[in-house]
Amino acid sequence: MSGYFFSPSFPGYFLDDMFCTWHINVPSGYVIHLELQEFRLRDHPKCENCFLQIFDGRDVTGPSIGRFCGYDYPPVFVSSTNHFTVVLLCRENFPKARFKALYHSVTGMCCFSL
């Protein structure tokens, strides 16, 4: 229902030729809140060589929420279903790169009665 995941060298900084995929699944009827608590990847205008990409779905065929790099923390993300897929790709050595993410599930159904 909740947990952390992070770059393979965390709390260290080195990311060199890495490709990692995390599949976050929570029970049906819930959605996922995803927050980056530490974020430092190579800054590049197109996020080409070292980035974190988030997909709203079971795998990378789901809609891409975005590709993120640099030092600005991305916003908190909320899935549309009970699945998120997160991909880390770093094609070159960047000695000061790392991230740490927290996710937790919340009920996807909310109703307000008057």
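**Aromatic contacts and sheet pairing**

Both Phe5 and Tyr103 are buried, a term that applies under 20% relative accessible area, with exposed meaning over 50% and partly exposed the range in between, for a 1.4 Å probe and protein chains only. The model is predicted, so that local features need pLDDT of at least 70 and side-chain atom pairs count only at pLDDT 80 or more, whereas totals for chains, interfaces and linings use all residues. Residues are numbered from 1 along each chain as its sequence is written, and side-chain values use heavy atoms, with hydrogens and water left out.

A search of the whole structure finds six aromatic pairs, where rings of Phe, Tyr and Trp (the six-membered ring of Trp) pair if their centres lie within 6.5 Å, and planes under 30 degrees apart count as stacked, over 60 as edge-to-face and the rest as tilted. The pair of Phe5 and Phe99 is edge-to-face, because the ring centres are 6.0 Å apart and the planes stand at 75°. Since Phe5 lies in strand S1 (residues 2-6) and Phe99 in strand S8 (residues 98-107), this pair ties together parts that are 94 residues apart in sequence; strands are DSSP runs of E of at least two residues, numbered from the N terminus. Phe99, like Phe5, is buried. The rings of Phe5 and Tyr103, with centres 6.5 Å apart and planes at 45°, form a pair that is therefore tilted. Because Tyr103 lies in strand S8 and Phe5 in strand S1, the parts tied together by this pair are 98 residues apart in sequence. Ring pairs link Phe5, Trp22, Phe99 and Tyr103 into a cluster.

Strands S1 and S8 also belong to an open sheet of four strands, in the order S1-S8-S3-S6 and with antiparallel pairing, two strands being paired if DSSP finds at least two bridges between them. S1 and strand S6 (77-78) stand at the edges with a single partner strand each, so one side of each is left without a neighbour in the sheet. S1 and S8 run antiparallel and are joined by five bridges, and the bridge partner of Phe6 in S8 is Lys100.

An open sheet of four strands is also found with the order S2-S7-S4-S5 and antiparallel pairing. Its edge strands, each pairing on one side only, are strand S2 (18-25) and strand S5 (64-68). Strand S4 (residues 50-55) and strand S7 (residues 83-90) run antiparallel and are joined by six bridges, with Phe55 standing opposite Thr85 in S7.

Thr85 counts as buried because its relative accessibility is 0%. The side chain of Thr85 reaches the backbone oxygen of Gly57 at 2.9 Å and the backbone nitrogen of Asp59 at 3.2 Å. When residues up to four places away in sequence are not counted, Thr85 touches residues including Trp22, His23, Phe55 and Val60, contact meaning heavy atoms within 4.5 Å.

Two backbone features fall in loops. A cis peptide bond, with omega about 10°, joins Phe10 and Pro11, and Pro11 is found in the loop between S1 and S2. Cys47, in the loop between strand S3 (30-40) and S4, has a phi near 50°, which is a positive value in a residue other than glycine. With a relative accessible area of 10%, Cys47 is buried.

Terms used
A polar contact is a pair of N or O atoms within 3.5 Å; within protein, one must be able to donate a hydrogen and the other to accept it, and residues adjacent in sequence count only if both atoms are side-chain atoms.
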